[in-house]
Every structure is written in structure tokens, then in C-alpha cells.
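Reader: I am new to reading protein models. Could you take me through one, feature by feature?

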Amino acid sequence: MTTRTVYGACPHDCPDTCALQVTVENERVVKVQGRAEHPSTHGALCTKVSRYPERTYHPERVLHPLKRVGRKTEAPRFVQVSWAEALADIAARLKDIAARDPQAIQPYSYAGTMGLIQGEAMAGRLWNALGAARLDRTICASAGGTALAATYGHKLGMHTRHFAGAKLIVIWGSNSIASNLHFWTYANQARREGAKLVCIDPRKTETADKCHQHIALLPGTDGALALGLMHELIRNDWLDHDYIERHVDGWPELRGKALDWPPERVAEVCGITADEVRGLARDYAALKPAAIRMNYGLQRVRGGGNAVRLIALLPCLTGAWRHPSGGVLLSSSGWFAPYKNPELERPDLLAGRQPRMVNMSTIGDALLAEASPAFGPRIEALVVYNSNPVAVAPESPKVVRGFQREDLFTVVLEHFMTDTADLADYVLPATTQLEHLDVHTAYGHTDVLMNQPAIAPLGEAKPNSQIFRELAAALGLDHPALRETDEELVAQAFTAEIDLGLLRTQGWQPLPIPEAPFAEGGFRTPNGRAQAAGADFVPNYESVQSAPELAARYPLAMISPPARNFLNSSFVNVKSLRDIEGEPLIEMHAADAAARGLADGSLVAAYNDRGRYVARLKVSPRARPGVVNGLGVWWRKLGVQGTNVNEVTHQRLTDMGNAPAFYDCLVQIEAA
Ligand SMILES: Nc1nc2c(c(=O)[nH]1)N[C@H]1C(S)=C(S)[C@@H](COP(=O)(O)OP(=O)(O)OC[C@H]3O[C@@H](n4cnc5c(=O)[nH]c(N)nc54)[C@H](O)[C@@H]3O)O[C@H]1N2
Ligand SMILES: Nc1nc2c(c(=O)[nH]1)N[C@H]1C(S)=C(S)[C@@H](COP(=O)(O)OP(=O)(O)OC[C@H]3O[C@@H](n4cnc5c(=O)[nH]c(N)nc54)[C@H](O)[C@@H]3O)O[C@H]1N2
Ligand SMILES: [Mo]
């Protein structure tokens, strides 16, 4: 028997980007573990990724090109075809459309893998050379990301490891134990050394269970709470005047707004008590250093961008940035920007063209849109990779109708027959992280990682990069940039400061970032100062206050945070993980269930004017009165009656960044 160890990187859309150690016996992966030597991974993996071999060798892996037979409104039927036939046919169809207008070809991708090479490196080159429509990749983080950039110039924050030294940790809009496990280890370390942990989340999550305090505010009211905290910091003069004076622009305006938000008003809007506001402000001023871990949960509402701005400014008011263990972290991804090659996707291949941009978050409307001067041509072809839009995009009734268009030519690169693959004309088998080369940055820590392939591709699967190289050739595009190998792409991914030799031998390289990067200000804005002007509370589209008539019909606010054992819609088909999750659940408070005569364990429907989602009711203290939690992004076909939670979400966009407002959603619930 031959045994090898291969160093990898977890490809998933998660802040932790773990360093992996893959054990291969007789050319089969038998174990995937977290590397003990990598500081933030520290030898631990989440349950999901430790099941990686089960996912990779899953009997339902797509291992050959498949071509649709039958209509898109019927049960999916496919036949196996050769790569040659698939590529020739796809190229012929795309060429025909491109001859009329390449902008009618729409790429659709997100972060199924976060790798730079299997993400956009070769794909971007192909789309640029073709002049295909561009995609605004807004579905997850662009409200908060735009807000951070507006405030601090980039997506920057404190080091995750320094949370271990904080005396107060505010976990704001994050179920860290589920979605950011390796941060939680540092938070726990702080707690053992006496830190207070506070969780701000409408849902009583497993993270809230482990914190000293849980503030269960109404969804979409975080901006009001942040203004209330500022109010208290100002009234009690708990401010670091020197820090504000030297490093913040727009303070007089923000100060004026905050003074309009006394704790009683905040309590009313947020559905909490005035004492909770006062107490949190007192702790934030007294327990130093104070660190805030925001996550993207809180920005999936209409006012998400402004809420992130306001929360991100709190450390400027108290000067928390002066200490390595003070400040805020939402994303660390901006730290990588100076080390990444902005030309990797070869924007020069656009040769001056500026194809239209379609927002991925409104793909339902986009697929149903007719040609018009404002929109441009009707979408005629869709190439999907690293994403499962039929399950994850908002208002799925429209997304499904769009994908069911018989005149739409859809190609999906996938590991599995997802809800999206079921509606394709061609499904092309893609490799998993164990079968291809890649390099990774992160959005929780600040290390660059390399992923070495551990095994040869299974079946006829190919890396995304290779599929796009071959498609480019079939399309007759012959620019040398479209022929470069993955090794050549890796060599171009970063600036010279990143040592590829070290990445190959050690597997990762940390970026040199100061311990307390903003102790003396120096934000990445043009003048180096934090920008506070304009930040304000923006209420939800759908709430009792902003839409009383809608709320009379649909009185429950529904949020749909991730299930712990899935990653967005990935892993839903891994049986051992699905068994832990059980079934699609809607958590509801006992009082709301009693008022509707609904019994725990019964099948219920959450509905509104957009759609109807059926799931099992769980009467649970995890839900606060007036708010229901529809967990996880289940595959529709593995859910109840072919539905998932995005049946009821809407396509209206956030205040900043044009992102979806998934958690800004009113429903009514009845027995199904
Ligand atoms: N296990 C697991 N891990 C994941 C993911 C997953 O699906 N499963 N998803 C990954 C992805 S794509 C991302 S973007 C990241 C981050 O993913 P996020 O979507 O930020 O996920 P969470 O950290 O679970 O944070 C969401 C939390 O915000 C809460 N929340 C909802 N609405 C509000 C609100 O209005 N205000 C406040 N304060 N809280 C609110 C939810 O109840 C939930 O507990 O995690 C990644 N990690
Ligand atoms: N209601 C509601 N909806 C949500 C959310 C929510 O909290 N509530 N969360 C939102 C968030 S934060 C996000 S980030 C999006 C995520 O949405 P997506 O980015 O679509 O994420 P996944 O659902 O994980 O789907 C990724 C797909 O990529 C495939 N894949 C993985 N690696 C590769 C590869 O190397 N090659 C190819 N070809 N395919 C690969 C996987 O098999 C999987 O099917 O969903 C959003 N949708
Ligand atoms: Mo995400």
C-alpha cells in the first residue's frame, strides 16, 4: 500500500479558509483533516469538510458530460455524451448567439469554490475575449463590503487571533459556532480569561447559548441599536475625543443623528428593552479592549449597508482601534488587494468593450426580461459554475420560471445534479478541490494558501479552468492567454511578495499586517480618515413600521440563516450531514404557534404574495415572538413539495452594494 499526504486548502465560502491535510492511500483519499501547524486552523475542521471524501466519492457525482432530452418543465432526463460532442455543440450555440450580440450570453458564478484559478481566472479571460455580459457578484457580501469601503476605504479589520485578548466581544449578526468556527476558538480563549461575550441576533443560536448575554433584536434594526449605543457614549462622555478629532470625518453630523436615538426610542424600534441598550453601551465603554465580530447576517436587509457603517464606526468613538484586541472585523479580504494581480482575468481582452452588467441577485427578473434599450438583449444563454442559483437566489418562483424557458440555452458546470443542473441543456462534470490545483486568499484571516491536487480527476471530470480553455478553443478564440495552464495562472495570481516556493512546501504564507493596524488611524480612504457622514438607520422594506398594510396580512418577519451542517446549498446531498439536519425547519415561538393553533412537528406553509414554502414546524425558544427562522438553503428537490425558503424572499436590493435583502421578508404561516 502506498500512502501520501497532500497539503490543501478548504475551497468553501467561509471566513476560515482552513489549511487541509489530505491522506491518500492507493490513489484514494481516505481522510481530510485540518493542519495542526496552520495557526487559525489549529488541526480542527468543521463537520462538513471533514466529510469531504464522502462528498467527493459520492455515488451521485456527475462524472460525464450530460445532455438534456425532454422539456424543462418535465422531470429532468439526460443522456451521457462525449466531451467532444458537448463542446462542439455548446460552442456552435454560443457562436451563433455571439454573432448577433455576445451580451446575450450570461455567465453566472459565485463562491462554490473561492479559489482564484477555479474561480474566475480562466473563466474571466474567456468572457472578456468573447465580450459576454458581465455579472455583478452581489449575492452575499456587497452591502457590507461597500459599507466598509465607504467608511474605511477597503474591507479591512482586526486580526481574528487578537479576539483572544479582548475583554468584551460583541458577536453581531453571526452564528460563529456554525459559520466561523475558528474565530469561536479565539472568543472562547478570551472568555476563559474573563472576557464578556454578547451576541446580537434575532435568533437564539447555538452561539447565543454560549454567550453571557443575548440581545434578540428584530431583523433589520441593527442600525438603530448602533445609533442608540452612540447616544449613550455621547451622553455619558465615554468618547475618545482625541481619536475622533484626529481620525474621523463627519463626526458632527453623526453625533447629531445619534442624539436623536435615546434608548427608549431604540428599544421601541428594535423590540428590546432600553436597559439592554444602556447596559451594552456601558459594557462597550468600560470593558477594554472591546472587539466586535460582525458577520454578513446583519446586512441581508434593506438597510444592511448603513447598519454595517454605523457598527463599524463604534471603535472610532471609543478609540478601541488603539489596541490590537480592539476594533471590528467583518472581512479581512481587502488586506490581500495589494498582493493580487488585478490583470489575472485579463481585462485587456475586452479591447475597450464594456458589456452590460447583470446583477446576480435579480437573476429571476433578468431571465424573464425582454430586450429593451435599458436592459439590452434578452438573455439567450447562461453558463453557470460554482453556484446553484435556482436554490440560492431570492424569489425562486421567478428564477425557476426563467430557467424553464425553452429558448434559453443553459450550461452548468457541477459536481452534482443540483436544482440548477436539473434545468440545464448541458451539465459538464467539474473536479472537486481534491482533484485540482488552486490558490486562495481569505476573508477571515490574512494568509494566502495553496491547494495541491491529491488525486487525479474522477471519471471524465475536468477543472473549471480546463473546461473554459477547451471551450475557448472550440469557439475559435486563439489568444495565448486562453491557453495558459493552471501552473501558469498560479504564477501570475500574486505579486512577487508572495513566495510560491513557500506555498508549495508549507502550504500557506501570512501577510505582513501590523498588530493594531489603525492604532494611529491610517485608514485606506483617500485622506486616511474614517468617513462617518451619511450613515443612518434605514428600516426594512417589509416591517410593521414601514409596511403596515403588508404586515396586517403577513405579520411574521422571516429570516433564513444558514443551517450548521450545510454550506449555503452545498452538502445538502451528503446524506450523513442531511441526517443531522433532519428536515427543512421553520422555528417559531410558542406564543406565535399557539395563536395560530399550530402544533410542534406539524407541516406548515410560510407564504406571502411571492410564494409558498412548506417545512416542518419546530416550536422553539430559538425564535423570538414575531420572527420565524427558516433554516438553511435546502435543495428544492430534497425539501418538502419541491420548495425551499427562497420561495418567499424578494428581489429588492439593499441600500448599498445592490445586494439581496433575504432577511427582510414578511410571511404568514398556516398548517400545510
Ligand atoms: N455552517 C455554515 N457555515 C457558513 C455558511 C453556511 O451556510 N453554513 N455560509 C458561509 C457564508 S456564504 C457566509 S457569507 C458566511 C457568513 O454567513 P452569514 O450569513 O453571516 O451567517 P452567520 O454567521 O450564520 O450569520 C447569520 C446570523 O445573522 C442572524 N441575523 C439575521 N438577520 C439579522 C439581523 O437583522 N440582525 C442581526 N444582528 N442578526 C441577524 C442570523 O440569525 C444568523 O444567526 O458564513 C459562511 N459559513
Ligand atoms: N434565503 C437565503 N438565501 C441565501 C442565503 C441565505 O442566508 N438565505 N445566503 C446567501 C449567500 S451568503 C451566498 S454566498 C449564496 C451562495 O450561493 P452559491 O455560491 O450558489 O453557493 P452554494 O449553494 O454553496 O453552491 C455552490 C455550488 O458550486 C458547486 N461547486 C463547488 N466547487 C466547484 C468547482 O470547483 N467547480 C464547479 N463547477 N462547481 C463547484 C457546488 O457543488 C455547489 O452546487 O447564497 C445566498 N442565498
Ligand atoms: Mo455568503
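Author: Start with residue classes. Ala, Val, Leu, Ile, Met, Phe, Trp, Tyr, Cys and Pro count as nonpolar. Asp, Glu, Lys and Arg count as charged, and the others, Gly among them, as polar. One caution: this is a predicted model.

Reader: Now the pockets. What is the volume of the largest pocket, and what lines it?

Author: The largest pocket has a volume of about 1600 Å³. Its lining counts 45 residues. Nearest the centre are Leu-116, Glu-120, Arg-137, Lys-340 and Glu-345. By class, the lining of this pocket has 23 nonpolar, 15 polar and seven charged residues.

Reader: Which element gives the largest share of that lining?

Author: That is α4, with six residues. Find α4 at 117-130. β6 (105-109), β7 (134-136) and α5 (142-152) also supply at least two residues each.

Reader: On to the ligands. Which residues are the closest to ligand 1?

Author: Ser-179, Asp-201, Asp-222, Arg-300 and Phe-566 are the closest, in a shell of 35 residues. The shell divides into 19 nonpolar, nine polar and seven charged residues.

Reader: Which atoms of Phe-566 and ligand 1 are 2.6 Å apart?

Author: To read a polar contact, look for a pair of N or O atoms within 3.5 Å. In this case, a polar backbone atom of Phe-566 is 2.6 Å from a nitrogen atom of ligand 1. Ala-563 also uses a backbone N or O atom, 3.5 Å from a nitrogen atom of the ligand. Ser-174 uses its side chain instead: a polar atom there lies 3.3 Å from an oxygen atom of ligand 1. The protein covers 99% of the 880 Å² of accessible area that ligand 1 has on its own.

Reader: And where does ligand 2 lie?

Author: It lies between domain 2 (66-133 + 341-443 + 454-506) and domain 4 (548-671), because both give residues to its shell. That shell has 31 residues, and Ser-387, Glu-414, Ser-569, Ser-570 and Tyr-663 are the closest. By class, 12 are nonpolar, 15 polar and four charged.

Reader: Which atoms of Ser-387 and ligand 2 are 2.8 Å apart?

Author: An N or O atom in the side chain of Ser-387 is 2.8 Å from an oxygen atom of ligand 2. The side chain of Ser-560 has an N or O atom 2.9 Å from a nitrogen atom of the ligand. Ala-111 brings a backbone N or O atom, 3.5 Å from an oxygen atom of ligand 2. The protein covers 97% of the 910 Å² of accessible area that ligand 2 has on its own.

Reader: Last, the backbone. Is the peptide bond from Lys-288 to Pro-289 cis or trans?

Author: Most residues other than glycine have a negative phi, and most peptide bonds are trans. The bond from Lys-288 to Pro-289 is cis, with omega near 0°. Look for Pro-289 in the loop between α13 (274-286) and β12 (290-294).

Reader: What is phi of Asn-26 near?

Author: Phi of Asn-26 is near 45°, a positive value in a residue other than glycine. Asn-26 sits in the loop between β2 (19-25) and β3 (28-34).

Terms used:
Residues are numbered from 1 along each chain as its sequence is written. Chains are lettered from A and ligands numbered from 1 in the order in which they are written. This is a predicted model: local features need pLDDT of at least 70, side-chain atom pairs count only at pLDDT 80 or more; totals for chains, interfaces and linings use all residues. Side-chain values use heavy atoms; hydrogens and water are left out. A residue is near a molecule or strand if one of its heavy atoms lies within 4 Å of it. A polar contact is a pair of N or O atoms within 3.5 Å; within protein, one must be able to donate a hydrogen and the other to accept it, and residues adjacent in sequence count only if both atoms are side-chain atoms. Accessible areas come from the Shrake-Rupley method with a 1.4 Å probe; for residues, only the protein chains shown count as cover. Helices (H or I, at least four residues) and strands (E, at least two) are DSSP runs, numbered from the N terminus. On a 1 Å grid over the protein atoms alone, a cavity is a set of points where a 1.4 Å probe fits but cannot get out, and a pocket is an open set with protein on both sides within 12 Å along at least five of seven lines; lining residues have an atom within 4 Å of a point. Grid points are joined across faces, edges and corners, and a volume is the space filled by probe spheres set on the points. Domain bounds come from an automatic or database domain assignment.
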